[in-house]
Amino acid sequence: MEIYVVKRGDTIDAIASAYQVDVSLLIYDNQLVYPYELAVGQALLIANGQRERTRTIQSNGYAYTFISRWTLENTLPFLSEVSVFSYGFTEDGELVEPPRDDSWMTQMAWQNGTRPILTLTPLSKSGNFDNGLISAIVRNPSGQAALIDSLLVVMDEKSYGGMNIDFEYVRAEDRELFTEFVRTCTERMHAAGYPVSVALAPKTSATQQGTLYEGIDYRALGEIADHVFVMTYEWGYTYGPPMAVAPLHMVRRVIEYAVSEIAPEKISMGIPNYGYDWPLPYVRGTTKARSIGNIEAVRIAIEQGAEIQFDELAQSPYFHYENAGIWHEVWFEDVRSLQGKFDLIKEFGLRGAGYWQLMQWFRANWLLLEDNFYIDSGIKAPF
């Protein structure tokens, strides 16, 4: 596969002709919309048909229970695991199920050869991570036992194939207790035949300050869990200043630290499947960015006549536009930024890639993932 960056005056027909590829396949792979306008600076994935391939890495993604059936069905063939988001709990260890039924997701996952994973989070009723809830459960042995008992029942009834523990903002004083909670969960799950993974905040050192980092012991958790998911994204976030969501130079720093504490073959690197649109000027505490899909970002650029730029340090695309008198700054992911992340996975010999989240269908990403990490096992007909 090749990546082509659109220049002024390009048309989709001219690009297809230059690369001797079927124009309909080029349109399909890049999810272009009639009349197939292009944005200057837009990155296109150019492929000569699809192939039957054998996966060489583990690929995972998180999905809410309200994901569309069409999106999940199309994504599952590219995944080793799908993490259903999410189950919660009370201070007393009562299990809280997702607001919508998840049984259809586990069934569809197994039908596609993908392992469904139950994700456990300490989310409050408002939908935010509650470190007070974490403190309560890690200090309550009987509550932990009740919670794990309930988890095992649900995993059996709904045919889950493993569990992911996604606890964020663990307090510094709960660091060892949280580690022991993960150990207890893992021992119980292993006894029942289930693997356990843990989501880790993107640390760059063992002594990194901040409520997101201090309660997370990379080395200990990496030794206990079967594998870990490092959340290498959200540098650019809803209430933060405009910047790349996953700048590659920062992602590299996190991975360099992670492999110094955890075996590379146990590490999945987080990849964002989204971008943000910030209104300008940015005012800390006031400005709120809008989360957008990567295909949506390109559509905005086309509709607004914006030229897409590429930050060489962050290895990420961005652009500016004006609408109704308000300037905007948009950062998102494209096949260039994704290739940089895939190269990092290969460089460090990591377990694989993990996506937050799968709610938006981005076909070129999955085709590029195949091209990087799948071994050819024969040719099949084009889509």
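Me: Which residues of strand E2 point the other way from Ala-43 and Leu-45?
Reply: This is a predicted model, in which local features need pLDDT of at least 70, side-chain atom pairs count only at pLDDT 80 or more, and totals for chains, interfaces and linings use all residues. Residues are numbered from 1 along each chain as its sequence is written, and side-chain values use heavy atoms, without hydrogens or water. Strand E2 covers residues 43–46, a strand being a DSSP run of at least two residues, numbered from the N terminus. Its residues are all buried (under 20% relative accessible area, with a 1.4 Å probe and protein chains only), and those pointing the other way are Leu-44 and Ile-46.

Me: Which residue of E2 is the bridge partner of Ile-3?
Reply: Strand E1 (residues 2–5) runs antiparallel to E2, and four bridges join them. Two strands pair if DSSP finds at least two bridges between them, so E1 and E2 count as paired. The E2 partner of Ile-3 is Leu-45.

Me: Is Ser-337 buried or exposed?
Reply: Ser-337 belongs to helix H11, residues 335–348; a helix is a DSSP run (H or I) of at least four residues. Beyond residues up to four places away in sequence, Ser-337 touches Phe-310, Gln-315, Ser-316 and Pro-317, where contact means heavy atoms within 4.5 Å. Because its relative accessible area is 0%, Ser-337 is buried.

Methods
Buried means under 20% relative accessible area, exposed over 50%, partly exposed in between (1.4 Å probe, protein chains only).
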